[in-house]
Amino acid sequence: MGRKKWWHAEMVLLLSVLLVACGTSGNGGSASTGAQGAETQQSASASGQQAEGGNKELRVGFAPGPYSDQFRQGVQPVLEKKGYQVTVVEFSDWVQPNFALANQEIDANVYQHTIYLQGFNAQHHLDLTGVVQVPTAQMGIYSRKHQSLEEVQPGFTVVIPNDPANQARALVLLQQAGWLELKKGVDPVRVSERDVEKNLKQIKLEALEAAQAPRALEDADYAVITGNYAVAAGIKLTEALLLEKPIDDHMLVVAVQTENKDQPFVQDIIAAYQSPEFKKFILDDEEYRLYALPDYIQE
C-alpha cells in the first residue's frame, strides 16, 4: 500500500513538471523570460496591428518639453479617427526614449533633431530614422538680469549647453548675436569652443547640461536655452532676446525603427502631422506660430 501511494505521488509530480514545461516553452522558453515575452507581444501588437476590439495600438514617447501636448492636441485626434488607440509615454530624460524605441517598448518618439539622432545611433549602435519634421521651438538667448543683447559687458557669464549638438547651435547663435566670431569654413553643426576665432565681447562661456540652463538664469548674465526646456520651464519664446534661425538638421523629427519606416502605422503618423487639421491647430495657436515650422505647415 505504501508503494502505491509513493508511485501515485511520483506520477502526479511528473505530470506537473511536464505541464509547466509545456506552458513555459509556449511563452518564450523559460519562466524568467515569460514577462519579457509578454512585453514583446504587447509591443508587437502596438506596432500597427489590430488590438482587441478592432483598434490599432500606438505608443509614442516624449522627453520633457512642449511636444507631447502638441501631439495630444493636434495629432492624436487625427490618428484616433483612423481607429488607433494611442498611448503617450513620457520620459524624464533625453536618453531613454531612444532605447525604448530600439527595444520596441514604444513605436515612435518625438523629442530630438536629426543631428542628435545620428550621433545617438552611432554611439549606441542603433538603427533609428527620422520620418517627418515637426514644429520646433527654437533655441534662444534669455536673461533675467538684462533687457537686451546690447547690455553685454566683458566678463559677463553666458551659459551654453554642454552636449556637442546643442553646443554647436549655441555658438552659432552667439555669432549671430555678434558676440563671437567662428573660424571660417567650420561646419555649423559640429562647431565647438575650439572653433571660436574671436571672443568679440570677452564673455565667459559656462557649459552646463541643457536641462539646467533655465535655472541658471538666476545667476548667469545670459543663458542659451533649447526651445523644449524653455517651454517646459514656463519661459515663452517671446521672452527670448534672440532666437536662432534653425537649419533642417536642427528641426525635431518623429523617429522610428528604420525597419518600420514604410509600415502603415508610420505612414499614418506622417499623414496626421501633415494633415489640414494639424496645420490649422498650429496656425491658430499664437505660441506655436512662433516655432520654426516645417514646409508642410508653411505651404
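The legends below describe several close-up views of one predicted model.

In this predicted model, local features need pLDDT of at least 70 and side-chain atom pairs count only at pLDDT 80 or more, whereas totals for chains, interfaces and linings use all residues. Residues are numbered from 1 along each chain as its sequence is written, and side-chain values use heavy atoms, with hydrogens and water left out.

**Figure 1. Overview of the protein chain.** The secondary structure comes to twelve helices and twelve strands, where helices (H or I, at least four residues) and strands (E, at least two) are DSSP runs numbered from the N terminus. Of the 299 residues in the chain, 45% are buried; buried means under 20% relative accessible area, exposed means over 50%, and partly exposed lies in between (1.4 Å probe, protein chains only). The accessible surface comes to about 15600 Å², and 50% of that surface belongs to carbon and sulfur atoms, the areas coming from the Shrake-Rupley method with a 1.4 Å probe and, for residues, only the protein chains shown counting as cover. Among contacts (heavy atoms within 4.5 Å) between residues at least 6 apart in sequence, 71% join residues at least 24 apart.

Figure 2. A salt bridge is a side-chain nitrogen of Lys or Arg within 4 Å of a carboxyl oxygen of Asp or Glu, and a search of the whole structure finds eight of them. Because Asp69 and Arg72 are three residues apart in helix α3 (residues 67–74), about one helical turn separates them. Asp69 is partly exposed at a relative accessible area of 36%, and Arg72 is partly exposed at 33%. The buried residues of α3 are Tyr67, Ser68, Gln70, Phe71 and Gly74. They cover an arc of only 160 degrees around the axis, which puts them on the same side of α3; the arc is that of the directions from the helix axis to the C-beta atoms.

**Figure 3. The salt bridge between Glu239 and Arg144**. The closest N and O atoms of Glu239 and Arg144 are 3.5 Å apart. Glu239 lies in the loop between α9 (227–232) and β11 (242–243), and Arg144 in the loop between β5 (140–142) and β6 (157–161), so the pair ties together parts that are 95 residues apart in sequence. Glu239 is partly exposed, with 34% relative accessibility, and Arg144 is also partly exposed, with a relative accessible area of 45%.

**Figure 4. The salt bridge between Arg169 and Glu244**. The N to O distance between the side chains of Arg169 and Glu244 is 2.4 Å. This pair links distant parts of the chain, with Arg169 in helix α7 (residues 164–176) and Glu244 in the loop between β11 and β12 (252–257), 75 residues apart. Both Arg169 and Glu244 are buried. In another part of the set of salt bridges, shared partners join Asp69, Arg72 and Glu90 into one network.

**Figure 5. Gln175 in helix α7**. Gln175 is partly exposed, at 34% relative accessibility. When residues up to four places away in sequence are not counted, Gln175 touches Leu180, Glu181 and Leu182. The C-alpha atoms of Gln175 and Val196 are separated by 9.3 Å, the two residues being 21 residues apart along the chain.

**Figure 6. The largest pocket and its lining**. About 580 Å³ of space lies in the largest pocket. Of the 26 residues that line this pocket, Tyr116, Asp163, Pro164, Ala165 and Asn166 are the closest to its centre. Helices α6 (114–124) and α7 each supply at least two residues of the lining, and the largest share, seven residues, comes from α6. On a 1 Å grid over the protein atoms alone, a pocket is an open set of points with protein on both sides within 12 Å along at least five of seven lines, a cavity is a set of points where a 1.4 Å probe fits but cannot get out, and lining residues have an atom within 4 Å of a point. Grid points are joined across faces, edges and corners, and a volume is the space filled by probe spheres set on the points.

**Figure 7. The largest cavity and its lining**. The structure holds one cavity of 30 Å³ or more, and about 120 Å³ of space lies in the largest cavity. Of the 14 residues that line this cavity, the closest to its centre are Trp94, His113, Arg169, Asn228 and Leu252. The elements that give two or more residues to the lining are β3 (108–113), α7 and α9, and β3 gives the most, with three residues.
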